[in-house]
Amino acid sequence: MATKRRTREQWQELVDKQVESELSVSEFCAHHDLTVSNFYLWRKKLSDDSQSLAKQDNWLAFDMPASADKEPGAAWEIELALPGGVVLRMNRAA
């Protein structure tokens, strides 16, 4: 039987589904053709990753251009690209 390679996102989906299913890890793995050891390995890896992200200082300071201070009605636009393809756009029209 060939081993199926899964992405980090696919493993996260499987871990989430197991919690929602209320099946034991062994039962869930049997239903989804997973090895229990791989499931536990990925669950730990994903948990460690999310904890380390939560501990990071996620603030980013930036300065507005000097011209923005001199022109109170000046237009500006900020675009922030977040993980997962989410883009936050903020602007002020002139």
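The following legends describe an overview and several close-up views of a predicted protein model.

**Figure 1. Overview of the predicted protein chain.** The chain contains four helices and two strands, in the order α-α-α-α-β-β from the N terminus. Helices (H or I, at least four residues) and strands (E, at least two) are DSSP runs, numbered from the N terminus. The mean pLDDT, the predictor's confidence in each residue from 0 to 100, is 82 for the chain, and 71% of the residues reach 70 or more. Of the 94 residues, 13% are buried; buried denotes under 20% relative accessible area, exposed over 50%, and partly exposed the range in between (1.4 Å probe, protein chains only). Residues are numbered from 1 along each chain as its sequence is written, and side-chain values use heavy atoms, with hydrogens and water left out. In this predicted model, local features need pLDDT of at least 70 and side-chain atom pairs count only at pLDDT 80 or more, whereas totals for chains, interfaces and linings use all residues.

**Figure 2. The largest nonpolar core.** Ten residues form this core, namely Trp 11, Leu 14, Val 15, Val 25, Phe 28, Cys 29, Leu 34, Phe 39, Trp 42 and Leu 46. A nonpolar core is a set of buried Ala, Val, Leu, Ile, Met, Phe, Trp, Tyr and Cys residues joined through side-chain atoms within 4.5 Å. Helices H1, H2 and H3 (36-55) each give two or more residues to the core. In soluble globular proteins, nonpolar side chains tend to be buried together.

Figure 3. Phe 39 counts as buried because its relative accessibility is 0%. Apart from neighbours within four places in sequence, Phe 39 is in contact with Trp 11, Leu 14, Val 15, Gln 18, Val 25, Phe 28, Cys 29 and Leu 34; contact means heavy atoms within 4.5 Å. The C-alpha atoms of Phe 39 and Val 15 are separated by 7.7 Å, although these residues are 24 apart along the chain.

**Figure 4. Gln 18, a buried residue of helix H1.** Gln 18 lies in helix H1 (residues 8-21) and counts as buried because its relative accessibility is 8%. Beyond four places in sequence, Gln 18 touches Leu 23, Ser 24, Val 25, Phe 28, Phe 39 and Arg 43.

**Figure 5. The aromatic cluster of Phe 28, Phe 39 and Tyr 40.** Ring pairs link these three residues. Rings of Phe, Tyr and Trp (its six-membered ring) pair if their centres lie within 6.5 Å; planes under 30 degrees apart count as stacked, over 60 as edge-to-face and the rest as tilted. The count comes to three aromatic pairs. The Phe 39 and Tyr 40 rings form an edge-to-face pair, because their centres are 6.3 Å apart and their planes lie at 75 degrees. Tyr 40 is partly exposed, with a relative accessible area of 39%.

**Figure 6. Charged side chains over the rings of Trp 11 and Trp 42.** The charged end of Arg 6 sits over the ring of Trp 11, 5.5 Å from its centre. Lys 45 lies over the face of Trp 42, at 4.2 Å from the ring centre. A charge sits over a ring if NZ of Lys or CZ of Arg is within 6 Å of the ring centre and within 35 degrees of the ring normal.
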